[in-house]
Amino acid sequence: ITALLTHSAFCGWICPLGFIQDIINSVSFFIQSRVPGLRRTVKNIKTRGARLAGVDRPLRLPKYGVLVWAVTGAAIYGVMVFRDYDPWAALLNIAEPTLGPGLIVLGITLFASLFVERSWCRYAYPLGADSGLLGKLSPVYLKREEATCKACAICTKACPMGLPVHTAT
């Protein structure tokens, strides 16, 4: 219902995992601005504006497979089959002294956040896939004011999810 009514408001304003990824990504920018030579290396790895931008779109497709797996598994088995691998669940249970697959995925996600903004949300999160699909029906959407837009693409460069804002209609 949230995805349908407010599009990605949960992701942008409420999600603690997205917030932590944003903090780590900001730390990455801070560190690279202080270490000579690292800036060029990290810039080449970062998705936005980098050589790897061509693989960004195809890498976003697996989250739809994860969504199908999570929904189908829940329907067949009556439990959340995705929970053991969910970094969200691992984050909520971080005080437990177990090293499970979810904690490993959480570690990989947080490490990847040094290089790609919101890597988990972008590439594997089934709620992100759900928001992307249902969000198309949402009354809340991105709209560009054509009369005032200079098509400079500053808005697209600033978008943490790499959306082509300057071409939105």
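Modeller: Let us begin with a definition: rings of Phe, Tyr and Trp (for Trp, the six-membered ring) pair if their centres lie within 6.5 Å, and planes under 30 degrees apart count as stacked, over 60 as edge-to-face and the rest as tilted. This is a predicted model, in which local features need pLDDT of at least 70 and side-chain atom pairs count only at pLDDT 80 or more, while totals for chains, interfaces and linings use all residues. Residues are numbered from 1 along each chain as its sequence is written, and side-chain values use heavy atoms, with hydrogens and water left out.

Colleague: Which residues form one aromatic cluster here, and how many aromatic pairs does the rule count?

Modeller: The rule gives four aromatic pairs, and one cluster is formed by Trp69, Phe82, Tyr85, Trp120 and Tyr125.

Colleague: By what is a pair of aromatic rings described?

Modeller: A pair of rings is described by the distance of the centres and the angle of the planes. For Trp69 and Tyr85 the centres are 5.8 Å apart and the planes stand at 55°, so this pair is tilted. Trp69 belongs to helix H6 and Tyr85 to the loop between H6 and H7, so the pair ties together parts that are 16 residues apart in sequence; helices here are DSSP runs of H or I with at least four residues, numbered from the N terminus. The rings of Trp120 and Tyr125, with centres 5.9 Å apart and planes at 45°, are likewise a pair that counts as tilted.

Colleague: Which of these residues are buried and which are partly exposed?

Modeller: Buried means under 20% relative accessible area, exposed over 50%, and partly exposed in between, with a 1.4 Å probe and protein chains only. Trp69, at 38% relative accessibility, is partly exposed, as is Tyr85 at 41%, whereas Trp120 and Tyr125 are both buried.

Colleague: Which residues make up the largest nonpolar core?

Modeller: A nonpolar core is a set of buried Ala, Val, Leu, Ile, Met, Phe, Trp, Tyr and Cys residues joined through side-chain atoms within 4.5 Å. The largest one has 12 residues, among them Phe82, Trp88, Trp120 and Tyr125. Helix H6 (62-77) and helix H7 (87-92) each supply at least two of its residues, and the largest share, three residues, comes from H7.

Colleague: Beyond its neighbours within four places in sequence, what is Tyr125 in contact with?

Modeller: With contact taken as heavy atoms within 4.5 Å, Tyr125 meets Lys63, Trp88 and Trp120 once those neighbours are left aside.
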